[in-house]
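Let me put the structure up and we'll go through a few surface features.

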Amino acid sequence: EVCTGSSGLCPVDVGQLWGTACTADDGVPSTCYGKICIDSFDAQCAEVTEGERPHAHRAYNGRRNESEYHECTALMCCTLCEVLIGNYLVDGAPMTNPSSCSDCQGSVMYSSFTVNGVTNTIYIGAALDGSVLADATQTCIRAEAVNQSIAGDCTPGQFFEESVGKCMDCDVACSACTGPSNLDCTGSCAHGAADARGACPISADQVSFLPTTTTVTTTTATATTTTTTTTTTTTTTTTTTTTTTTTATTTTTTTTTTTTTATATTNTVDNSATDSVSTTSTTTMTTTADAATTNSITTTTTITIATTSTTTTTTTT
């Protein structure tokens with residue numbers, strides 16, 4: 001089982017079907033369980049007996065797991081097992097090179113404890129989980145011989161874990177699956193949609209935390225600032241009255257009006273300014289002769305300066 005290179009995720013380690021024949025680390029035949037080749041019966045006996053009886057009892061054909069003396073609670077362990085060369089009668093049947101074991105012992109040791117009214121028993125020295133005995137349809141699980149499930153026994157929301165012969169629940173992220181993780185979901189996810197890796201969200205909350213696509217729109221706005229300054233001023237009136245006594249009877253009225261208008265140069269860059277100066281000068285001379293002559297000269301000068309300045313600033317963002 002290797003990665004194919006088509007994805008950053010390696011495929012699920014399926015393992016071999018439980019009970020598949022394999023060779024253990026000590027070179028002795030054993031069986032697969034839980035994706036490993038479990039310790040051989042010989043290795044288990046050596047462990048349990050601390051090396052005193054390192055050989056598991058064998059059937060006459062030499063197969064350890066087929067011995068009728070093994071139990072899930074304890075294996076039958078011997079000091080010596082050998083192959084007898086030649087032809088023999090075994091239980092009335094002829095056999096060539098049968099196996100024979102001597103000084104064998106199977107010790108059942110256990111400890112029981114009760115918690116909250118529930119009693120549990122632990123068997124010390126029991127056969128390892130996954131050990132297959134004479135009945136090849138069963139395996140030892142927690143010191144009991146258990147019939148293994150088949151794929152047809154699984155219900156919706158479960159998958160068949162063939163390496164241990166069990167129907168196991170799918171991950172909560174899956175509505176159906178082929179394996180134990182949220183990467184093994186088939187069909188639709190239980191919550192939301194799968195990500196780019198094919199992993200389903202593990203909860204509805206996780207779906208709500210998923211990043212959403214955000215579109216940012218930048219609008220270019222033109223801001224125009226107009227400042228208008230108007231200055232209107234200055235009216236100056238000067239009145240001069242001169243009274244002179246004469247004997248002539250004459251009435252003379254002279255009015256002189258002078259108007260001067262000057263317009264400033266207009267410069268346009270971003271600012272515009274227009275200045276106008278209007279000057280009006282009026283001189284009135286009135287002479288009235290009566291019994292006495294009064295000469296009155298009234299001069300009125302009005303200067304009006306109107307300045308309008310407009311500044312336009314354009315800012316583009």
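So, Y123 is partly exposed, at 32% relative accessible area; buried means under 20%, exposed over 50%, and partly exposed is in between, with a 1.4 Å probe and protein chains only. This is a predicted model, with local features needing pLDDT of at least 70, side-chain atom pairs counting only at pLDDT 80 or more, and totals for chains, interfaces and linings using all residues. Residues are numbered from 1 along each chain as its sequence is written, and side-chain values use heavy atoms, with hydrogens and water left out.

Now, what does Y123 pair with? Searching the whole structure turns up one aromatic pair, and that's Y110 with Y123, tilted, 5.6 Å centre to centre with 50° between the planes. For the cut-offs: rings of Phe, Tyr and Trp (its six-membered ring) pair if their centres lie within 6.5 Å, and planes under 30 degrees apart count as stacked, over 60 as edge-to-face, the rest as tilted. Y110 sits in strand β9 (residues 109–115) and Y123 in strand β10 (residues 118–124), 13 residues apart. Strands here are DSSP runs (E, at least two), numbered from the N terminus. Y110 itself is exposed, at 52%.

Staying with those strands, I122 is in β10 too, and I122 is partly exposed at 47%.

Last stop, E50: buried or exposed? Exposed, with a relative accessible area of 73%. E50 is in the loop between α1 (41–48) and β4 (55–56); helices are DSSP runs as well (H or I, at least four residues).
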